[in-house]
Amino acid sequence: MNEAEFKDMIADSPFAGSPVKPIMLAEDAKLQFRCHRDVKCWNACCSNIDIPLTPYDVLRLKKRLDLSSGEFLKQYSVPFEMDKDGMPGIKLKPVDGGTACQFMKPEGCGVYEDRPTACRYYPVALLTMRRSDEYFDRAAYALVKEPHCLGHFEDKTQTIEEYRRDQGVDLYDRKAHAWRQLVVKRKSAGPAIGKPTPVSNQLFFMASYDVDRFRAFVMSESFNETYDIPVEVMATLVADDEALLDFGLNFLRHTLFGEKFVDERPDAYEKRLARRRAMAEQQKEAEFQQKMALEDEKYAGDH
């Protein structure tokens, strides 16, 4: 990959607009970096956070904290838009009225074993994108040097791959790969799929981050009247968050891009149509009753 291609990736990455520009790294590049309690900038990077979360990050953290996905999102996340069409993303929410991570402790990270992908990678970043005329993902590593970070002056040197293994990021990348592919596909598809509707963005958010609410959606009567999900598959989705996340990402491909994943029941269309008609009738009736109540109120004083 040449420098021009790398700059294109930066323009479409979380670093866009940042005063700290990353430096392109080859796959076999050597990294001089070490972070430990005795370094003078200890905890400095956790004092001013801007940490995007992947769906797998959410699963790990909500499990560690023994929270539902909804509770976790409310307490520990803030939303942001990943593109101009409002593709929903989330970042770690700092402490109230401040910029520090809620998990920061004097001794270090309070959730270290389950820390997010971005924290594991720092000061390295993984960039992923797909051009509109290509059918494969491009990836590159970048090094970010911030003025406060003294870890770059430590004497430990290793390759990027060695650093990734040392930080336990391999598993996180494998678990997030399908989601990253979905994100870059949405970004690169552009006009091909049209502007996403609010409902499609809500579905994207729910299937990506709010797995407990997505589980309730999958278990609902209307979902099962529409889609033919084998009993053994449904049992797995009820019990296993990771299986549910995989199902959700495939379901998004099914609904957003028409990539066949689940079978619809033969009478699904007719049932959906009947439900919509019933809802329309209920709405009409509610509006009529409201109108009659207002009329009654208007003339009540005449008697």
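Predicted model: local features only at pLDDT ≥ 70, side-chain atom pairs only at ≥ 80, totals over all residues.
Residues are numbered from 1 along each chain as its sequence is written, and side-chain values use heavy atoms, with hydrogens and water left out.

**View 1. The protein chain as a whole.** Let us begin with the overall picture: the protein chain has twelve helices and nine strands. Helices (H or I, at least four residues) and strands (E, at least two) are DSSP runs, numbered from the N terminus. Of its 303 residues, 41% count as buried; buried means under 20% relative accessible area, exposed over 50%, and partly exposed in between (1.4 Å probe, protein chains only). Among contacts with a separation of 6 or more, 70% come from residues 24 or more positions apart, a contact being heavy atoms within 4.5 Å.

**View 2. Helix α6 beside helix α11.** The axes of α6 (residues 169-189) and α11 come within 10 Å and cross at roughly 20°. Axes are lines fitted to C-alpha atoms, for helices over the stretch in contact, and angles run from 0 to 180 degrees between N-to-C directions. The two helices, α6 and α11, are therefore roughly parallel to each other (angles under 35 degrees count as roughly parallel, over 145 as roughly antiparallel, 65 to 115 as roughly perpendicular and the rest as oblique). On the α6 side, K175, W179, L182 and A189 are among the residues that meet α11, whose partners include E242, L249, R253 and F257. By class, this contact of α6 with α11 has eight nonpolar, one polar and five charged residues; Ala, Val, Leu, Ile, Met, Phe, Trp, Tyr, Cys and Pro count as nonpolar, Asp, Glu, Lys and Arg as charged, and the others, Gly among them, as polar.

**View 3. F257 in helix α11.** Helix α11 spans residues 241-257, and F257 is found in it. F257 counts as buried because its relative accessibility is 19%. F257 and A189 are 68 residues apart in sequence, yet 9.3 Å apart in space, C-alpha to C-alpha.

**View 4. Helix α8 against helix α11.** Here the axes of α8 (residues 211-219) and α11 come within 10 Å and cross at roughly 70°, so α8 and α11 are roughly perpendicular to each other. Residues of α8 including F214, R215 and F217 meet residues of α11 including L244, F247 and F251. By class, the contact of α8 with α11 has seven nonpolar, one polar and three charged residues.

View 5. Most residues other than glycine have a negative phi, and most peptide bonds are trans. N43 has a positive phi of about 75° although it is not a glycine, and N43 counts as buried because its relative accessibility is 13%. D66, in the loop between α2 and α3 (69-76), has a positive phi of about 55° and is not a glycine either. With a relative accessible area of 70%, D66 is exposed. P123 sits in the loop between α4 (117-121) and β7 (124-129), and the peptide bond from Y122 to P123 is cis, with omega near 5°.
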